[in-house]
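Dear colleague,

I am handing over the structure below for your records.

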Amino acid sequence: MIAIKLCWHSPGAWLPLAGLLLAGLLGACESRQTKSAGAAAGPAPAAAATGPIKIGLLAPFSGLFAGSGKQMEGGVKAYLEQHGNRVAGREIEVLVKDTTGPAPDVAKSLAQGLIVRDKVDFLAGFVLTPNALAVAPLATEAKTPMVVMNAATSIITTRSPFLVRVSFTLPQVAAPLATWAAKNGVKGVYTLVSDYAPGADAEAQFKKTFEAAGGKVVDSVRVPMQNPDFAPYIQRIKDAKPEAVFIFVPAGAQGTAFLKAFQQRGLDQQGIRVLATGDVTEDQELPAMGEAALGVVTTHHYSAAHESAENAAFKQAFAKVTGGTLRPNFMAVGGYDGMAAIARVIEKLGGTIDGERAIEAFKGLTLQSPRGSIRIDPETRDVVQTVYVRRVEQRADGLYNVEFDRFDEQKDPGK
Ligand code: PHB
C-alpha cells in the first residue's frame, strides 16, 4: 500500500534565502498513510541504498493554485496505489512541500532543503513555470534529476541537463489548435493570454502557426497572472468583433471566470467563437462552468473523457486516494506519469540511484499514460505525445472535453 511521508513547511517571508539549509529543518513531518511495513514515522534516515528512495514533491498546496497541487499529489498517490510503494526492492517516500503559488524564492529554498537536508533522489512536481525555472540551476548543481509534472513554458527543459518533462508545453498544444482553426475556416482571431512566460509562449505559437496557415491575429492582449478582472478585456474583444478568440489562462478558476463573463456580455450571442488551450476547460473546474463552456473547442494532452483501459484504471485509483470527490485533470495525469517515469528509472537502475545515470535512463522512455502513449525525446528530455482537439459537451454525468480530432507525435515546436 502507500506510504507517503508528508513534510509540510510554512515558508514565511522571513526565511533567509542565504541560509537555505534551514529550510529543511523548520518543517514538521508526518506519515499520512503507513499501511506499508516499511513506512515509519520520525526523521528520515540519510539516503542509503537500503533506505527509502526519496522524492521531493514541490507544488502549491495553499493560495490560488492549491487545487493544482492537490491534483498533482493525487496523481502521484494514484500511481503508488495501483503499483505499490516499493520499486526494485526499495520503499518510495514522497516528501511534499508547499510552494504557496508562483514564488520562486520559496520554491528555491524548499528545493535546497530537500537536496541538502533530506538528500532526495528526485525533485518532482512544478505546477508553475517561475518555480521550475528557479529550481533548475539547483538540480544541475546537485546533479539531482528534476521531473516537471506540469510547468509548460517551452524553455524550461533547456535550463538544466538534469531536467525532464512529462507534461506538455503551451506551443505543443497551441500549434495544433491554430492549424485546426485555419483548416476550419476561421480567419480572424483575437488572442488573450495570461501575462507570464507560458502565456507569451501560447500567444507567439498560435500567431506563428495561424498566420503561416493564412489566418490573421487581429489583436492580442495579456491579462494579470493572478485574479484578473476579465470585464474590460472582454469589452475590447466585443468591440473588435473578431471571428474567434484564442485564450490561455492557467488551470483553476480563471477559465470559469472568463467564460462566464464572455457569455454574460453576449459575445457568444454575437457569434464569437472560443478557441482555448485545455487549461481553460480543465476537468476539475469544468463541472462548475455550466453552459458557458458548451461548445468551446480546445487542444490538450488529457481529457477525463479519454477512452482507454489505462484512463479508466487511473480514474478509479485517483478516486480512491482522493476520496472520490474530485475529477482528475491534466495536473493529476502529470503527477501520475511523472511517478510512473521515476519508477521505471528506479527499475532500470536496479534501485541504486545516481543522478547522471538516472537522467540517461529517462531519455527515450515510453509510457502508456492515461492520455495515450507518451515518450521522452532523448535529445530534448521533453515529452512527445498526441494532442487532441476536443469540444465541451454535456454528458449524462456532466460536462466533458470530448475528443474529436488528434495530432499525433507532437514535439514541442519551440525547440
Ligand atoms: C505554468 O506555469 O507553466 C502553467 C501553469 C498552469 C497551467 C499551464 C502552465 O495550466
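A residue is taken to be near a molecule if one of its heavy atoms lies within 4 Å of it. This is a predicted model, in which local features need pLDDT of at least 70, side-chain atom pairs count only at pLDDT 80 or more, and totals for chains, interfaces and linings use all residues. Residues are numbered from 1 along each chain as its sequence is written, and side-chain values use heavy atoms, with hydrogens and water left out.

The ligand has 14 residues around it, of which Thr129, Ala152, Tyr196, Ala251 and Asp279 come nearest. By class, this shell holds 11 nonpolar, two polar and one charged residues.

Some of these residues make polar contacts, meaning pairs of N or O atoms within 3.5 Å. A polar side-chain atom of Tyr196 is 2.7 Å from an oxygen atom of the ligand. A backbone N or O atom of Ala152 lies 2.9 Å from a ligand oxygen, and for a backbone N or O atom of Ala251 the distance to an oxygen atom of the ligand is 2.9 Å. Taken alone, the ligand exposes 280 Å², and the protein buries 100% of that (accessible areas by the Shrake-Rupley method with a 1.4 Å probe).

Aromatic rings of Phe, Tyr and Trp (its six-membered ring) pair if their centres lie within 6.5 Å; planes under 30 degrees apart count as stacked, over 60 as edge-to-face and the rest as tilted. The count comes to 11 aromatic pairs. One involves Trp180 and Phe404, whose ring centres are 5.9 Å apart with planes at 75°, so this pair is edge-to-face.

Yours sincerely

Definitions and conventions:
Polar contact = N/O pair within 3.5 Å; in protein donor to acceptor, adjacent residues only side chain to side chain. Nonpolar A, V, L, I, M, F, W, Y, C, P; charged D, E, K, R; others polar.
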